[in-house]
Amino acid sequence: DTAITGPKAPNLAISKITREHEYNPDNGVVTYEILIRNNGDGYANDARITDVLSSVVSENGKKLSGWTIVSEVSGVGTTAGTVSSNTDINTKIDIAPKGYVKYIVSATIEDGAQGKIVNTAEVLDVQSGNHYTASASISENVSHTLFIRKSSDSIYYAPGKPLTYYI
C-alpha cells in the first residue's frame, strides 16, 4: 500500500481599517491598520502584499505627504518582509498557520484635502493563485464650529433713540 500526501493549504484573509473616523483638511493624519491572517492549517509561503500608498489621493487630488510603517507578526516562521517609511508596500511575507502579519501605516495628508480618501491593499497567495483585497475609506471632518457675537453700543434701549448693533 502507498499513501500520497501533500502539504496543508493556507487560507489567507486580509482586512484594512482606519483608526480615525475623519481627517482634518489642514494637517490631517490617518492611521491605517492592514491585517493579513492565515486561517488555514498550512504555511503561506512567499505571499505578496501590496499597498500603493503613493497613489492615495483625496477627491480634490491631495496626496499623502509622508508616512511611517511599523510591522508586527504572530506565529513561528512568520515574516513581515521588507517595508520602509515613505515607500509603497510591495513585499513577500510568510505566515504560519493561525498566524498573522500586521502593518500600521501612519500617514500625513496634504493640507487642503477634501472629500473621501480610499486606500486598498492586496495580498496574493502564490500557492493557490488567489488575490484578496481590502479597502478603507476616511472622510474629511466637515463639522466646523461657527460663533456669532452680537452686541450693541448701549446696554439700555431708550424709545425713539438710535441703537447700533455690531455682529
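Which residues have the most contacts inside the largest nonpolar core? Keep that in mind while you look at the structure. One caution before we start: this is a predicted model.

Here is the answer. The residues with the most contacts inside the core are Ile34, Ile36, Ile49 and Tyr103. The core itself has 31 residues. Where do they come from? Strands β1, β3, β4, β5, β6, β7, β8 and β9 each supply at least two. The largest share is from β7, with five residues.

Now take the strands in turn. Start with β3, residues 28–38. Nine of its 11 residues are buried, so call this strand mostly covered. Strand β3 has β1 as an antiparallel partner, joined by seven bridges. Within that pairing, Ser15 has Leu35 as its bridge partner. Strand β3 also runs antiparallel to β7, residues 100–109, and here there are 10 bridges. In that pairing Ile34 stands opposite Tyr103.

Stay with Ile34. Set aside its neighbours within four places in sequence. Ile34 then contacts, among others, Ile14, Ser15 and Lys16. Its contacts also include Val101, Lys102, Tyr103 and Val105. Ile49, Asp51, Ile89 and Ala121 are on the list too.

Next, Ile14. This residue lies in β1, residues 12–18. Buried or exposed? Ile14 is buried, because its relative accessible area is 15% and the cut-off for buried is under 20%. What does Ile14 touch, beyond residues up to four places away in sequence? Ile34, Leu35 and Ile36 are among them, and so is Ile49. Then come Ala121, Glu122 and Val123. Tyr132, Thr133 and Ala134 are contacts as well. Look at Tyr132 in particular. Ile14 and Tyr132 are 118 residues apart in sequence. In space, their C-alpha atoms are 6.6 Å apart.

Now the open sheet. It has five strands, in the order β2-β9-β8-β4-β6, and the pairing is mixed. Which strands stand at the edges? They are β2, residues 22–23, and β6, residues 89–95. Each has a single partner strand, so one side of each is left without a neighbour in the sheet. As a reminder, strands of a sheet pair through backbone hydrogen bonds, either parallel or antiparallel.

Inside this sheet, look at β8 and β9. Strand β8 covers residues 117–125, and β9 covers residues 130–140. How many bridges pair them? Nine, in the antiparallel sense. One example is Ile117, whose bridge partner in β9 is Ile138.

To close, go back to the core. Ile34 is one of the residues with the most contacts inside it, and Ile34 also touches Ile14 over in β1.

Terms used: Residues are numbered from 1 along each chain as its sequence is written. This is a predicted model: local features need pLDDT of at least 70, side-chain atom pairs count only at pLDDT 80 or more; totals for chains, interfaces and linings use all residues. Side-chain values use heavy atoms; hydrogens and water are left out. Helices (H or I, at least four residues) and strands (E, at least two) are DSSP runs, numbered from the N terminus. Buried means under 20% relative accessible area, exposed over 50%, partly exposed in between (1.4 Å probe, protein chains only). Contact means heavy atoms within 4.5 Å. Two strands pair if DSSP finds at least two bridges between them. A nonpolar core is a set of buried Ala, Val, Leu, Ile, Met, Phe, Trp, Tyr and Cys residues joined through side-chain atoms within 4.5 Å.
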